[in-house]
Amino acid sequence: MTRFRFSLFLALGLAMALTAQFAAAQGGFLRLKGDFVQGGLVLGRTEPGAEVALDGRTLRVDPKGNFVFGFHRDAPAEARLSVRFPDGRTEERALAVEARDYDVQRIDGLPPRMVTPPDAVLARIKAENAKIAETRRNDGATPYFLDGFVWPTVGRISGIYGSQRILNGQPRQPHYGIDIAAPAGTPVRAPAGGVVTLAEDDLYYTGGTIILDHGHGLTSAFLHMKDVEVTLGQAVAQGARLGTVGSTGRSTGPHLDWRINWFQARIDPQLLAGPMPKKETN
Ligand SMILES: [Zn+2]
């Protein structure tokens, strides 16, 4: 009897496994590759002509079936990906998003004007932020991000993604970039191909600032630059020179602050670029 029940249990298990296999075979081609973690980016490939949505937001799918999405610093533990294949079949996937612990960075004794901008510049800051936000709404058709990402400059990492900042005891926006300390004048190169959607010499907070559009809502920003050597609308290849490291805007020393966004979601550049190379190779 026991043996019979055991076999029945096995048979039932096998049947369930087969059903699951069958259900998977019913769906179309869908492959996801990347970091399923807060600040992570995921590359997807599906059938050309498929419609893909993440948490209800329609994603751009290129003619070869490539798409991309990312998870914000404080993304919830689960995201839902839904796909409608060209033949009408659909697939829903629950994606588990790993939570991260972030550093807390306390900086005290700063001059008050570095923590709270004077009233006279508030309108300027607002206008600059609006311009930056606009570049991050762009959903460019060319998937430059398929190149992969390399470090835009080489140096000691002096600030990491996600740190909570408490300035003079007041909690401020987390640090969304990766800071690379390097001497002023060190070349900054495109980590992936893209189109320049912002090229400014002197923004209030970030000084010399470039934003590169890598396609499908993915952008890189380069802050505090000494020289901005590209112009609005220019297309650049991976490795192309963009300008040089500086300490412009509200900065305490020469470094490159490199940020990546997927639309408004902040992505951790370090997850994409991998280990820092030993020294500048070009
Ligand atoms: Zn920074």
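Phenylalanine 263 sits in the loop between strand 20 and strand 21 (265–267); helices (H or I, at least four residues) and strands (E, at least two) are DSSP runs, numbered from the N terminus. The phi of phenylalanine 263 is positive, about 50°, although the residue is not a glycine. With 16 C-beta neighbours inside 10 Å, phenylalanine 263 counts as partly exposed. On this scale a residue is buried if 20 or more other C-beta atoms lie within 10 Å of its own, exposed if 12 or fewer, and partly exposed in between, with C-beta atoms placed from the backbone.

The model is a predicted one, in which local features need pLDDT of at least 70 and side-chain atom pairs count only at pLDDT 80 or more, while totals for chains, interfaces and linings use all residues. Residues are numbered from 1 along each chain as its sequence is written.

The protein contains four helices and 21 strands. Of its 282 residues, 32% count as buried. Among contacts with a separation of 6 or more, 65% are between residues 24 or more positions apart; two residues are in contact if their C-beta atoms, placed from the backbone, lie within 7 Å.

Tryptophan 262 has contacts beyond its neighbours within four places in sequence: Leu41, Val68, Phe69, Gly70, Gly217, Leu218 and Ile267. Trp262 also belongs to the largest nonpolar core, which has 48 residues, and is listed with Val68, Ile210, Phe222 and Leu256 as having the most contacts inside it. A nonpolar core here is a set of buried Ala, Val, Leu, Ile, Met, Phe, Trp, Tyr and Cys residues joined through C-beta atoms within 7 Å. Strand 16 supplies the largest share of this core, five residues. At least three core residues come from each of domain 1 (2–96) and domain 2 (104–273), with bounds taken from an automatic or database domain assignment. In soluble globular proteins, nonpolar side chains tend to be buried together.

Two of these core residues face each other across a strand pair: phenylalanine 222, in strand 16, is the bridge partner of isoleucine 210. Strand 15 and strand 16 (residues 218–225) run antiparallel and are joined by six bridges; two strands pair if DSSP finds at least two bridges between them. The hairpin of strand 15 and strand 16 has two residues between the strands, and histidine 216 there takes a positive phi near 55°. Strand 15 is also joined to strand 14 (residues 194–203), again antiparallel and through six bridges. A hairpin of three residues connects strand 14 to strand 15, and leucine 203 has glycine 207 as its bridge partner in strand 15. Nine of the nine residues of strand 15 (residues 207–215) are buried, so this strand is largely enclosed by the rest of the structure.

An open sheet of three strands, in the order 1-2-5, has antiparallel pairing. Its edge strands are strand 1 (30–34) and strand 5 (66–70), each of which pairs on one side only. The twist averages 25° from one strand to the next, where axes are lines fitted to C-alpha atoms, for helices over the stretch in contact, and angles run from 0 to 180 degrees between N-to-C directions. Strand 2 (residues 41–46) pairs with strand 5 over five bridges, and glycine 44 stands opposite phenylalanine 67 of strand 5.

Another open sheet of three strands has the order 13-19-17, also with antiparallel pairing. Strand 13 (187–189) and strand 17 (227–228) are at its edges with a single partner strand each, so one side of each is left without a neighbour in the sheet. Three bridges join strand 13 to strand 19 (residues 241–244); valine 188 has glycine 243 as its bridge partner in strand 19.

Helix 3 (residues 122–135) has 14 residues, and at 1.5 Å a residue should span 20 Å, which agrees with the 20 Å between its end C-alpha atoms. The expected span is 1.5 Å times one less than the number of residues. One of the 14 residues of helix 3 is buried, so the helix lies largely in the open.

Asparagine 168, in the loop between strand 10 (164–167) and strand 11 (170–172), has a positive phi near 50°. With 15 other C-beta atoms within 10 Å, asparagine 168 is partly exposed. Glycine 109 lies in the loop between strand 8 (104–107) and helix 2 (112–115) and is exposed, with 6 C-beta neighbours inside 10 Å.
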